[in-house]
Structures are given as C-alpha cells and as structure tokens.
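Have a look at the structure on the screen, and then we'll walk through it together.

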Amino acid sequence: GDAEGKNTKEECVQEFMNTKEGRTSLVLLMHDSNEKVQTVESLPDIIMQLKSEGYTFKTFYEIF
C-alpha cells in the first residue's frame with residue numbers, strides 16, 4: 001500500500017497486516033524513494049510481526 005499514498009508508518013503497517021490475512025506465503029514489494037519515508041520506517045515492524053508468526057525470509061532468486 002505504500003504506492004497508494006499511505007501517509008504514516010502506522011497506515012503502511014496496518015495496510016500490510018490487512019492484506020496478508022489468510023495467506024501462507026507472501027511477496028512483499030515496497031518502494032524506496034525520497035517520498036516514501038514511511039516505507040522504510042514500517043519495514044522493521046512488518047518483519048518483526050512476520051517473524052513472530054513463523055514466516056521465513058528468502059530472496060526472489062531463492063524462491064524461483
């Protein structure tokens with residue numbers, strides 16, 4: 001949701017949590033630009049939440 005103009009870190013985290021519901025695997029695309037500071041700020045919270053739920057992390061190339 002960061003490309004959709006989510007204005008705060010909290011909005012980005014909440015949008016992600018709502019989107020991931022019911023899924024067992026995820027591909028997370030986040031935009032890195034000067035206008036997307038909230039993306040960088042939200043990433044540690046998202047990673048911590050996913051790890052607490054047992055998710056593991058792989059690169060794109062490890063998956064395919």
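So, to start: which residue forms a salt bridge with K9? It's D45, and the closest N and O atoms of the two are 3.1 Å apart. Before I go on, keep in mind that what you see is a predicted model.

Now look at where our pair sits. D45 forms its salt bridge with K9, and this links distant parts of the chain, with D45 in helix α2 and K9 in helix α1, 36 residues apart. Helix α1 covers residues 9-20. How open are the two partners? D45 has 26% relative accessibility, so it counts as partly exposed. K9 is partly exposed too, because its relative accessible area is 25%.

How many salt bridges does a search of the whole structure find? Two. The other pair is E53 with K20, where the closest N and O atoms are 2.8 Å apart. E53 lies in the loop between α2 and α3 and K20 in helix α1, so this pair ties together parts that are 33 residues apart in sequence. Here the partners fall into separate classes. E53 is partly exposed, with a relative accessible area of 37%, while K20 is at 7% and therefore counts as buried.

Let's go back to helix α2, which runs over residues 37-52 and holds S42. Is S42 buried or exposed? Buried, because its relative accessibility is 0%. And what does S42 touch, if we skip residues up to four places away in sequence? K9, C12, V13 and M30.

Now for a loop. S25 lies in the one between α1 and α2, and it is exposed, with a relative accessible area of 55%. S25 and T56 are 31 residues apart along the chain, and their C-alpha atoms are separated by 9.3 Å.

Last stop, the surface. F60, Y61, I63 and F64 form a nonpolar patch there, with about 570 Å² of accessible area together. Where is F64? In the segment after α3, the helix at 60-63. And why does F64 count as exposed? Because its relative accessibility is 70%, and the cut-off for exposed is over 50%.

Technical notes: Residues are numbered from 1 along each chain as its sequence is written. This is a predicted model: local features need pLDDT of at least 70, side-chain atom pairs count only at pLDDT 80 or more; totals for chains, interfaces and linings use all residues. Side-chain values use heavy atoms; hydrogens and water are left out. Patches are made of residues with over 30% relative accessible area and no salt bridge: like charges are joined within 9 Å, nonpolar side chains (Val, Leu, Ile, Met, Phe, Trp, Tyr) within 5 Å. Accessible areas come from the Shrake-Rupley method with a 1.4 Å probe; for residues, only the protein chains shown count as cover. A salt bridge is a side-chain nitrogen of Lys or Arg within 4 Å of a carboxyl oxygen of Asp or Glu. Helices (H or I, at least four residues) and strands (E, at least two) are DSSP runs, numbered from the N terminus. Buried means under 20% relative accessible area, exposed over 50%, partly exposed in between (1.4 Å probe, protein chains only). Contact means heavy atoms within 4.5 Å.
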